[in-house]
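Hi everyone, thanks for coming. Please have the sequence and the model open, and I'll walk you through a few spots.

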Amino acid sequence: MTGGDPIFAALTAPGTPFEIGEKDGMRRFLRAPADLNSLIESARRHGDATFIVEGDRRLSFDETFALRDALAAVIDIAPGDRVAICMRNRAEWMIGFLAVIRAGGVAVLINSRGAPAELRVAVEECSPALVLADEERAAALHEAAYPGRVLEAADFPVSGTFDRQIPVADPDDPAAILFTSGTTGRVKGATLTHRNMITGLMSVQLAGLAVLHNAAQQYGVSIETILASRPQYAVLVIYPLFHISGLGSAFLSPMLSGGKVVIMRRWDPEGALQLIAKEKITAFTGVPTMLWDVLNRAKLGAVDISSLNNIGTGGQALPINLLEAIREAVPHAFLGTGFGLTETAGAIAMALGADFLRKKEAAGRVLTLAEVRVHDETGRVLPPGSTGEIAVRGPMVMKGYWNRPEETAAVLDSEGWFRTGDIGRVDEEGYVFIVDRKKDMVISGGENIYCAEVERAMSELPQIAEGAAFGLPDERLGEKLVAVVLAEGLTEGDIRDHVGETLARYKAPVRVAFASGPLPRNAVGKIDKIRLRALWPDLLGDA
């Protein structure tokens, strides 16, 4: 999506809602709302249209806003106070987020899948004035002796009026804190400002409008004709809402466009197919595992998935055989992919439809407000087409890591360039190609697992002299986490159980191999995971 496209140029011209211009040395949406709540308020216009579907429960936009206002009236926070949201995906999670923003607070999004001690550490990282939790997470925090204030979802009010006067937030004030990590495995809160969040959401809106205008031009009809004839946008919410992909793409973006969000608490292929058919799901984004599950079961059960007109993936390359299977099953669907990070409030590159099919191996095409360049190991900027660490600058880049000035300075320089930790290249057309990850992280079934965190948990077992965790390719999960340890008196099950109980079950290694001697190390004395990967079949013994 570039300024050379006449449709894009028209959509972003002076006087339009998406007018783009330079301000304070950076390209911005010049007519963007001042704060996130103002943007959210625009969704009230969708009135009695269905917004949230959760099992047998259905909430319209009007009902959702009423519940939001009732909760905002009782949470008793001051503007700028942080409120942690610690729940599984459910309607109350969304209502809680909207209420926090309405009351002028900062929403702190907690990974709800953690063990009790892990949840307490994450919550206390940002010293919240209040925690909004479901019953299970409230019990876990109680078990971990969390001393702060907790309001359970079951106690959210069902009626009430919010009549406090809240000053409009400054665009550079924090709006949300989402947790991420790095090679140290230390939890860090990426602080996203109102401007960051609004830029991310408006960029998605603009990309969608451009696709619609291109379709109208292709078929020789008006935009109004397309809008009047298309069904309500409906997305199946699979990603956790505490992820930036869940928060932005699966919740706030559909809300702003009048879409319907259908909550699926736990991945179940048969259940997904039933929901796609029943709710006429139009947009489905998932990891390759999920896409294969849907396609294979739809064939076996002759299930109608023809409502799908937007299918995408992100964070992992889309296998060519999967791409062809999708095109065969739903030939009319727009396919797409994107590349982004928590620290950039979502996508900084995106490719949809024909743009995607032109270069299927790319992670997306740089969005107009994102400046992207590539650095070598010394920080020198490399020419286009060179491979190095990808850096990005723009109004979507986070303010920093909450209370982590040193870690912020390590990735975000004084000119606003954020070093992503991803190794790749950008071609002359602005397509981004990811070739490796600088961060020692495994993406398994769509979940980020940080090896240092797992290694630290394994090291708590006194029988383990040393250990390493790393990822291996897996046809179903994308990657699987495995570990190699030098230990005596332990079984594979002992180690897996310890990691699963200390952290979370999905972070436990799929397999653990036992080394007969010290683990190999590289020239700087670090465990050589490249060699361990090559040795894995021999270490495992039964591979």
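Let's start with a pair of strands: β3 and β4 (residues 57-60) run antiparallel and are joined by four bridges. Strands here are DSSP runs of E with at least two residues, helices are runs of H or I with at least four, and both are numbered from the N terminus. Two strands pair if DSSP finds at least two bridges between them. Before I go on, this is a predicted model, where local features need pLDDT of at least 70, side-chain atom pairs count only at pLDDT 80 or more, and totals for chains, interfaces and linings use all residues. Residues are numbered from 1 along each chain as its sequence is written, and side-chain values use heavy atoms, with hydrogens and water left out.

Back to our strands. Within the pairing, I52 faces L59 of β4. Two residues sit between the strands of this hairpin, and G55 there takes a positive phi near 65°. β3 has another partner too: two bridges join it to β12 (residues 260-263), and those two run parallel. I52 turns up again here, opposite V261 in β12.

Is β3 enclosed or open? Of its five residues (50-54), four are buried, so the strand is largely enclosed by the rest of the structure. Buried means under 20% relative accessible area, exposed over 50%, and partly exposed in between, using a 1.4 Å probe and protein chains only.

Now for the rings. There are eight aromatic pairs in the structure. Rings of Phe, Tyr and Trp (its six-membered ring) pair if their centres lie within 6.5 Å; planes under 30 degrees apart are stacked, over 60 edge-to-face, and the rest tilted. F51 and F251 are stacked, because their ring centres are 6.4 Å apart and their planes meet at 25°. F51 belongs to β3 and F251 to helix α9 (residues 244-257), so this pair ties together parts 200 residues apart in sequence. F51 has 0% relative accessibility, so it counts as buried, and F251, at 0%, is buried as well.

F251 also pairs edge-to-face with W93, at 6.3 Å centre to centre and 85° between the planes. Stepping back, ring pairs link F51, F61, W93, F97 and F251 into a cluster.
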